[in-house]
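Please keep the structure open while reading.

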Amino acid sequence: MREISNMILSFIGGMLLGTLFFGGLWFTVRKLTSSKMPALLVLSSFLFRVSIALLGFYFIGLGDWRKLVACMIGFIIARFVIIHYTKSIDKKKLQLKMEVNHET
């Protein structure tokens, strides 16, 4: 029973890491157009996101490959969730922008 709860916690940890990583990527890409130094923004965001993800995988895995696999599955699923979520946000903003343009 304890192993199952460890796998579930590892999966949830992977989902959180994936949400931070891919959500941070989406946030960075959106801020690129308004940034004065986009190269620095991309580099610092990349280093921060990768550092958090690697540390998270290290501490969640703790030498057990099964927890590491559960974490990776959660990370990958979070990628698809973030992609779906951000597409719907971008579609709504595009529709609002098109409606405003048609009204003028």
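Predicted model: local features only at pLDDT ≥ 70, side-chain atom pairs only at ≥ 80, totals over all residues.

Residues are numbered from 1 along each chain as its sequence is written, and side-chain values use heavy atoms, with hydrogens and water left out.

Q: Why is α1 called roughly antiparallel to α2?
A: Helix α1 (residues 2-31) and helix α2 (residues 38-61) pack at an angle of about 180°, with their axes 10 Å apart. Angles over 145 degrees count as roughly antiparallel, and therefore α1 is roughly antiparallel to α2.

Q: Which residues of α1 meet α2?
A: Contact means heavy atoms within 4.5 Å, and among the residues of α1 that meet α2 are L17, L20 and F21, while those on the α2 side include R49, A53 and F57.

Q: What makes R49 count as buried?
A: R49, whose place is in helix α2, has 11% relative accessibility, and because buried means under 20% relative accessible area, R49 counts as buried. Not counting residues up to four places away in sequence, R49 touches L20, F21, G24 and L25.

Q: Which residues make up the largest nonpolar core?
A: That core consists of nine residues, L17, F21, F22, A53, F57, I60, C71, F75 and I82, where a nonpolar core is a set of buried Ala, Val, Leu, Ile, Met, Phe, Trp, Tyr and Cys residues joined through side-chain atoms within 4.5 Å. The elements giving two or more residues to this core are α1, α2 and α3 (65-103).

Notes. Axes fitted to C-alpha atoms, helices over the stretch in contact; angles between N-to-C directions. Helix = DSSP H or I, 4+ residues; strand = E, 2+ residues; numbered from the N terminus. Parallel < 35°, antiparallel > 145°, perpendicular 65-115°, else oblique. Buried < 20%, exposed > 50% of the residue type's maximum accessible area, 1.4 Å probe, protein only.
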